[in-house]
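Subject: Structure handover

Hi,

Here is the structure I promised to pass on.

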Amino acid sequence: ALAVWDAATGKPLFGPRSVWDRGPQRFAEHDMHNRINRAALSPDGKLLALASEASGALGVFDVDAGKELARTRAFRGHLAVLEFGLDGKSILTNGSDTVARLWDARTVAPAGPPLRHARLCGSADLAADGRHVLTVDLDLVVRLWDGLTGDPLGRLDTKLANNAVWFSAHGKRLILNGARSFALPPHRGPPADRRPRLAAGRTG
């Protein structure tokens, strides 16, 4: 069951809810039907995103009103990442269908094209600007994307298994497995003039 609480008062704000999307099962095991597999709360606590691996549904709720704002069929298979951007305006999904994608946080309409990978994409993160996306797939390649346009901005080939990637708090560095970091030099020119950012990164 899923619930949202006011941590200061202990007051329940949403739920508990154990069943959400009753749509036809398309993926996963039979006992996954109707289950909420992943959830994410927006930074201001106003929006709640839910995902069902059985149906591939992505939905968003207004926490205070307890009202569902929108729902769509967004992915297939296992969902590895479901997170809001720091501004609360975008949602990032990423999973075993080899696709990462940005969605509008209130309408769950696509905010950018699918970011496709050759193999399963196991880890991803959304920068504080709500635009830049980091991913890493089973080929152990870390990629930096413009999530709104789908443009690839750089890549880093690694030899480390079970990679996890995320942006630093200010969004200027890539953190790999919590142990190594690489600078992401800013570039404000047109996409055609961008040089691969990860190749220019420094280890630290």
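**Salt bridges**

K46 and D64 pair up through their side chains in a salt bridge, with 3.2 Å from N to O (the term covers a side-chain nitrogen of Lys or Arg within 4 Å of a carboxyl oxygen of Asp or Glu). K46 sits in the loop between β3 (38–41) and β4 (47–52) and D64 in the loop between β5 and β6 (67–73), so the pair links parts that are 18 residues apart in sequence. Strands here are DSSP runs of E with at least two residues, numbered from the N terminus.

Before going on, the ground rules. This is a predicted model, where local features need pLDDT of at least 70 and side-chain atom pairs count only at pLDDT 80 or more, while totals for chains, interfaces and linings use all residues. Residues are numbered from 1 along each chain as its sequence is written, and side-chain values use heavy atoms, with hydrogens and water left out.

Back to that pair: K46 is partly exposed at 42% relative accessible area, whereas D64, at 53%, counts as exposed. For the cut-offs, buried means under 20% relative accessible area, exposed means over 50%, and partly exposed is in between, with a 1.4 Å probe and protein chains only.

The whole structure has six salt bridges. Another one joins R119 and D139, at 3.1 Å from N to O. R119 is in the loop between β10 and β11 (121–126) and D139 in the loop between β12 (132–137) and β13, so this bridge ties together parts 20 residues apart in sequence. Both ends are partly exposed: R119 has a relative accessible area of 39% and D139 has 37%.

Then there is D146 with R131, whose closest N and O atoms are 2.8 Å apart. D146 belongs to strand β13 and R131 to the loop between β11 and β12, so the two parts tied together are 15 residues apart in sequence. D146 is buried, with a relative accessible area of 0%, while R131 is partly exposed at 30%.

**Around W145**

W145 is also in strand β13 (residues 141–146), and its 8% relative accessibility makes it buried. Leaving out residues up to four places away in sequence, W145 touches a list of residues including L115, R116, H117, R131 and T135 (contact means heavy atoms within 4.5 Å). With L115, 30 residues away along the chain, the C-alpha separation is 7.9 Å. The side chains of W145 and T135 are joined by a polar contact of 3.0 Å. That term means a pair of N or O atoms within 3.5 Å; within protein, one must be able to donate a hydrogen and the other to accept it, and residues adjacent in sequence count only if both atoms are side-chain atoms.

**Rings**

F14 and F61 are both buried.

R101 lies over the face of W103, at 5.3 Å from the ring centre (this needs NZ of Lys or CZ of Arg within 6 Å of the ring centre and within 35 degrees of the ring normal).

**The open sheet**

Four strands make an open sheet in the order β7-β8-β9-β10, with antiparallel pairing (two strands pair if DSSP finds at least two bridges between them). β7 and β10 (115–116) are at the edges with a single partner strand each, so one side of each lacks a neighbour in the sheet. Even so, five of the six residues of β7 (residues 79–84) are buried, so the rest of the structure largely encloses that strand. β7 is joined to β8 (residues 90–95) by five bridges, with V81 opposite N94 and E83 opposite L92. The two strands form a hairpin with five residues between them, and G88 in the turn has a positive phi of about 75°.

G15 and P16 are joined by a cis peptide bond, with omega about 5°; P16 is in strand β2. T98, in the loop between β8 and β9 (99–104), has a positive phi near 70° without being a glycine. V108 is not a glycine either, and has a positive phi of about 50°. V108 is in the loop between β9 and β10 and counts as buried at 2% relative accessibility.

Cheers
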